[in-house]
Amino acid sequence: MSQVFSKSPKHCAERRRFTISKSHKKLFFAFSSFLTLLLAFIFLIWLTLHPSKPQFSLTQADIYQLSLTRPSLLNSSIQLTFLSKNPNKRVAIYYDQLQAYASYKGQQITADTTLPPFYQDHEEANLLTAFLQGTALPVAPSFGYEVGRDQIAGKIVLSLKVNGKLRWKVGSWVSGRYRFNVNCVSIIAFGPNTAPTSPLSSNRGTQCSTTV
């Protein structure tokens, strides 16, 4: 006589749950391993290609007009030339939404001027020219007095700023936008004998500070 063993429905259900649970653990382990390897790869790429911030220098600054129409309203006209350099060997840069302006003793003395966006390849340098103007800009009542003091001292100091957003490019990959700020200081000769019709000029190269 042969003996037949049969499994109960309860036993089959428990074995099925065990098999499903084991499959889920294998899938979770495989996904965790893949994610760990992916993050390690991204971190390695970041360490290898971590971009250096762009470098800016001011090569020329010309003041064509800086005059008060009323005690607290200013007309201004300033032309700037910047040198922009990408120091990275493997990372290119897209510059977006560039704006430049000038300030004097903490007061903005030109309107914001928009500069055209541009692309900068690896270790490439570009010259940028900005023509800044202001019409009837409100300034402090002491503005004329401060400029007069600088003229007696023989020099005027301007802060020249560029703000915008940039994107890093590695191969075909392009990052999101990062805000950057450039601050340059220009010291321009301005003595009592300066001809009223001559522009105030400075062509001494000045390294600018850049934050990203």
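A disulfide is a pair of cysteine sulfur atoms within 2.5 Å. The views below come from a predicted model, in which local features need pLDDT of at least 70, side-chain atom pairs count only at pLDDT 80 or more, and totals for chains, interfaces and linings use all residues. Residues are numbered from 1 along each chain as its sequence is written, and side-chain values use heavy atoms, with hydrogens and water left out.

**View 1. The disulfide of Cys184 and Cys208.**
A search of the whole structure finds 1 disulfide. Its sulfur atoms, in Cys184 and Cys208, are 2.0 Å apart. The link is right-handed, with 105° about the S-S bond. Cys184 belongs to strand 10, and Cys208 to the loop between strand 12 (206-207) and strand 13 (209-211), so the pair ties together parts that are 24 residues apart in sequence. Helices (H or I, at least four residues) and strands (E, at least two) are DSSP runs, numbered from the N terminus. Both cysteines, Cys184 and Cys208, are buried. Buried means under 20% relative accessible area, exposed over 50%, and partly exposed in between (1.4 Å probe, protein chains only).

**View 2. Asp96 and its two arginine partners, Arg167 and Arg177.**
A salt bridge is a side-chain nitrogen of Lys or Arg within 4 Å of a carboxyl oxygen of Asp or Glu. The whole structure holds 2 salt bridges. One joins Arg167 to Asp96, at 2.8 Å from N to O. Arg167 sits in strand 8 (residues 154-170) and Asp96 in strand 3 (residues 92-104), so this bridge ties together parts that are 71 residues apart in sequence. Asp96 is buried, at 9% relative accessibility. Arg177 also forms a salt bridge with Asp96, with the closest N and O atoms 3.2 Å apart. Arg177 lies in the loop between strand 9 (173-174) and strand 10 (178-190), and Asp96 in strand 3, so the pair ties together parts that are 81 residues apart in sequence. Shared partners join Asp96, Arg167 and Arg177 into one network of salt bridges. Arg177 is partly exposed, at 49% relative accessibility.

**View 3. Lys105 in a loop.**
Lys105 is found between strand 3 and strand 4 (107-108). The residue is partly exposed, with 48% relative accessible area. Contact means heavy atoms within 4.5 Å. Not counting residues up to four places away in sequence, Lys105 touches Glu146 and Asp150. The C-alpha atoms of Lys105 and Ile156 are separated by 10.0 Å, and these residues are 51 apart along the chain.

**View 4. Thr81 and its surroundings.**
Thr81 is part of strand 2 (residues 73-85). At 16% relative accessibility, Thr81 is buried. Its contacts, leaving aside neighbours within four places in sequence, include Ser57, Leu58, Thr59 and Gln60. Leu127, Leu128 and Thr129 are also among the contacts of Thr81.

**View 5. A nonpolar patch on the surface.**
Phe31, Phe34, Leu35, Leu38, Leu39 and Phe41 make up this patch, with about 620 Å² of accessible area together. Patches are made of residues with over 30% relative accessible area and no salt bridge: like charges are joined within 9 Å, nonpolar side chains (Val, Leu, Ile, Met, Phe, Trp, Tyr) within 5 Å. Accessible areas come from the Shrake-Rupley method with a 1.4 Å probe; for residues, only the protein chains shown count as cover. Phe31 lies in helix 1 (residues 9-49).
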